[in-house]
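Hello,

Here is the structure for you to look at. Please open it first, then read my notes below.

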Amino acid sequence: MTVHRELSVEDWLAILRRRFWWLLVPGALCAVAGFLLSLVLPKQYTSHTRVLVEAPIVPDSYVKPVVSDDLNRRLASMQGEILSRTRLQHVVEQFGLYKDAKQVPMEVLVNRLQKSIKVTPLSPTPGTLSLALLGFNIDVTLGQASLSQQVCSEVTSLFMDQNLRLREQQAEDTTQFLGKQLDGAKAKLDEQDAKLAKFQGQYLGAQPEDEQTNLTLLAGMTSQLEAATQDLNQAQQNKAFVESMLSQQLAALKSSADGRNPQTLQQQLSDLENQLPSLQARYTDKHPAVLKLKEEIAELRQRILDTPTQDRNQPTSQESNAFAVEPQQIQQLRAQLHQAELTISQKKNDQEQLKPQIKALQSRIQLSPMVQQEFKALTRDYQTALNFYNDLLKKRDEAQMATELERRQQGENFRVLDPPSFPESPSFPSRRLFTLGGFMAGLGLGAGLALLVESRDKSLRKRQDVEVYLGLPTLAVIPSMESVRTREIVAHLPPRSELRVLGARKTLVR
């Protein structure tokens with residue numbers, strides 16, 4: 001039919017009933033063809049194994065692993081290396097996998113084997129938060145069951161050996177790298193240590209921690225210098241006084257010895273008593289010079305009392321040689337003068353010792369800000385170098401322990417959960433899949449043929465077909481009947497009238 005209308009579900013069901021054999025026959029024929037094809041095609045056998053990734057025996061909290069890259073990335077790297085031409089060529093030659101090895105280039109054989117090996121990672125269990133790789137599957141598909149199992153075992157061992165070798169190599173490389181970095185850090189630390197030692201020797205006693213000590217020493221030495229200065233001044237005054245007294249005594253002694261100015265005990269007592277007010281005016285009563293003069297006056301008075309009356313007014317040692325030796329008073333004055341000179345010398349020596357020390361302390365205190373700034377810079381650099389050295393030392397020790405674990409194969413390693421299986425039935429071709437695929441293909445072909453035949457059918461089976469085909473409304477529908485009865489009905493129809501009749505066997509239009 002030239003014009004088509006939209007088909008409903010009933011129309012499709014009707015077409016299916018009419019064209020049922022057009023679907024069934026091609027489906028059955030194609031199913032038989034698929035089954036026969038599965039018998040003809042060469043068989044392929046698949047050996048399967050599963051490898052799990054085991055955690056290290058020693059927890060990470062005790063020994064930090066050196067190899068910390070993503071296992072998926074490492075597996076992809078190992079897969080690319082193991083399935084390379086160099087490795088697979090050895091496998092092809094070892095097991096003699098292909099009969100046409102002499103006629104076909106090795107690259108073609110390696111490509112075949114690469115396509116026959118399939119490595120798929122295991123997905124994490126649903127509901128777990130960890131995205132770490134749990135393991136992977138290895139499938140090897142070849143034309144013989146025994147060969148597929150042997151090649152699967154070989155590829156599995158290659159993966160395990162490669163993992164151990166890769167982890168051990170990475171651990172050793174990391175340890176060597178950290179060792180070199182540690183040597184450089186140690187050299188830098190020694191350099192900073194030498195700079196710090198030189199600085200401490202150059203500014204000995206001027207370090208920041210010595211500032212308070214220097215201030216305390218400066219205050220103590222300053223007070224000592226002041227006390228020494230006061231003692232020196234007092235000693236100089238005593239010396240001047242003793243020299244004055246000694247000169248007077250020597251003058252009196254000399255005049256007595258020459259006979260020009262004889263002096264009696266009374267006269268000596270009078271002279272000493274006259275000197276006492278002048279000393280008391282200059283010093284206190286507890287001053288050594290005042291006390292000494294008082295002792296001399298008391299001693300002279302005692303001598304006057306012990307001397308007979310007729311001898312008191314006699315000149316003392318003017319007329320005899322009894323006083324050839326200097327009197328005790330002059331000797332005492334000379335001793336006092338000597339003591340004063342010793343005191344002056346000692347105090348001057350103390351001043352000479354204290355002044356350089358005070359000057360050195362003052363220079364240290366003045367240098368303290370500059371020294372403190374330089375010391376902070378040196379200390380900061382030294383502490384940074386020390387921290388870096390200690391950090392590298394710790395990492396190097398951890399890397400050495402991790403390397404030892406890898407050598408003992410106690411780190412993260414691969415464990416074969418399912419050994420390579422021996423395929424008892426071929427994985428290709430599957431008779432069931434080929435038969436089902438052929439049947440489905442036959443159904444598709446039959447459906448196409450049925451639609452083609454249905455589209456070429458011009459029969460009008462429903463009132464809608466008549467209305468769509470003629471474009472006129474339907475007046476009556478004549479059901480299916482005998483031909484004689486149909487002619488009688490047609491004979492009684494009015495002339496020149498238009499009638500479309502749809503029946504099961506004939507359509508009348510007048």
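This is a predicted model: local features need pLDDT of at least 70, side-chain atom pairs count only at pLDDT 80 or more; totals for chains, interfaces and linings use all residues.

Start with β1 and β3: eight bridges pair these strands in the antiparallel sense.

Five bridges join the two, and they run antiparallel. Look for Val-53, which stands opposite Phe-414 in β4.

Now turn to β2. It is joined to β3 (residues 135-142) by five bridges, again antiparallel. Here Val-119 has Ile-138 of β3 as its bridge partner.

The four strands form an open sheet, in the order β2-β3-β1-β4, with antiparallel pairing. From one strand to the next, the twist averages 25°.

- Helix α3 (residues 71-82) touches β1 (45-54), β2, β3 and β4, and its direction makes about 175° with that of β2.
- Helix α6 (residues 145-202) also touches β1, β2, β3 and β4, and its direction makes about 145° with that of β3.

Last, look at the two faces of β1. In a regular strand, side chains alternate between the two faces of the sheet. The covered face of β1 holds Tyr-45, Ser-47, Thr-49, Val-51 and Val-53. The uncovered face holds Thr-46, His-48, Arg-50, Leu-52 and Glu-54.

Best wishes

Technical notes: Residues are numbered from 1 along each chain as its sequence is written. Side-chain values use heavy atoms; hydrogens and water are left out. Two strands pair if DSSP finds at least two bridges between them. Axes are lines fitted to C-alpha atoms, for helices over the stretch in contact, and angles run from 0 to 180 degrees between N-to-C directions. Contact means heavy atoms within 4.5 Å. Buried means under 20% relative accessible area, exposed over 50%, partly exposed in between (1.4 Å probe, protein chains only).
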